[in-house]
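Subject: Structure handover

Hello,

I am passing this structure on to you. Please look it over first; my notes follow below.

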Amino acid sequence: MALSFPVSPEKQQALFLKMEALGIKESDLEESFTRSGGKGGQNVNKVSTAVHLKHLPSGIEVKCSVYRTQGLNRYKARSILCDRLEEKEKGEDSKMELKTEKIRKQKKRKERKRKQKIEDMKIHDLESEISEEDIQPDE
């Protein structure tokens, strides 16, 4: 029986091709399910939707409870595993590393903007204080 996930056939085929390219076989994976918790109400409290996936040859472990359904979490866990193995092989050029670097740059940019805004507000406050003193006549 072939694995089937509740995603489009194109996405499923792309995942299987990526797994094959990285040398990941279903027999190398140890999969278990637990309850997710968090958002999702009664479903996540009663049904084991979280997926714990372990790639035995590399020892990489992935836990995925992003979605409310087990099928989507199984798909996502395999996708994350592929990304991590790719990252391990490629090193700095990997997709995960590029995303992390992009987020880091965005945070730095936001911090610079925030500091500049605070500085502008201080200057504006200082100017308003000076102009109020200039307006009041000396006695």
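pLDDT is the predictor's confidence in each residue, from 0 to 100. The model is a predicted one, and its protein chain has a mean pLDDT of 85, with 86% of the residues at 70 or more. Confidence is highest in strand β2 (residues 50-55), at a mean of 95, and lowest in helix α2 (residues 42-46), at 76. Where pLDDT is low, the predicted coordinates should not be read in detail.

On the overall layout: the protein chain contains 4 helices and 3 strands, in the order α-β-α-β-β-α-α along the sequence. Of its 139 residues, 24% are buried.

There are 7 salt bridges in the structure. One of them pairs Asp83 with Lys18, at 2.8 Å from N to O. This pair links distant parts of the chain, as Asp83 sits in helix α3 (residues 70-90) and Lys18 in helix α1 (residues 9-22), 65 residues apart. Asp83 has a relative accessible area of 10%, so Asp83 counts as buried, while Lys18, at 23%, is partly exposed.

Helix α4 holds the pair Arg104 and Glu101, 3 residues apart, about one turn of the helix; their side chains form a salt bridge of 2.9 Å, N to O. Arg114 and Glu111 are likewise both in helix α4, 3 residues apart, and their closest N and O atoms are 2.8 Å apart.

Lastly, the surface: Lys105, Lys108, Arg109, Arg112, Lys113 and Lys117 form a positive patch. Arg109 belongs to helix α4 (residues 95-135) and is partly exposed, with a relative accessible area of 46%.

Regards

Notes: Residues are numbered from 1 along each chain as its sequence is written. This is a predicted model: local features need pLDDT of at least 70, side-chain atom pairs count only at pLDDT 80 or more; totals for chains, interfaces and linings use all residues. Side-chain values use heavy atoms; hydrogens and water are left out. Helices (H or I, at least four residues) and strands (E, at least two) are DSSP runs, numbered from the N terminus. Patches are made of residues with over 30% relative accessible area and no salt bridge: like charges are joined within 9 Å, nonpolar side chains (Val, Leu, Ile, Met, Phe, Trp, Tyr) within 5 Å. Accessible areas come from the Shrake-Rupley method with a 1.4 Å probe; for residues, only the protein chains shown count as cover. A salt bridge is a side-chain nitrogen of Lys or Arg within 4 Å of a carboxyl oxygen of Asp or Glu. Lys and Arg count as positive and Asp and Glu as negative; His and the chain ends are not counted. The place of a charge is taken as NZ of Lys, CZ of Arg, CG of Asp or CD of Glu. Buried means under 20% relative accessible area, exposed over 50%, partly exposed in between (1.4 Å probe, protein chains only).
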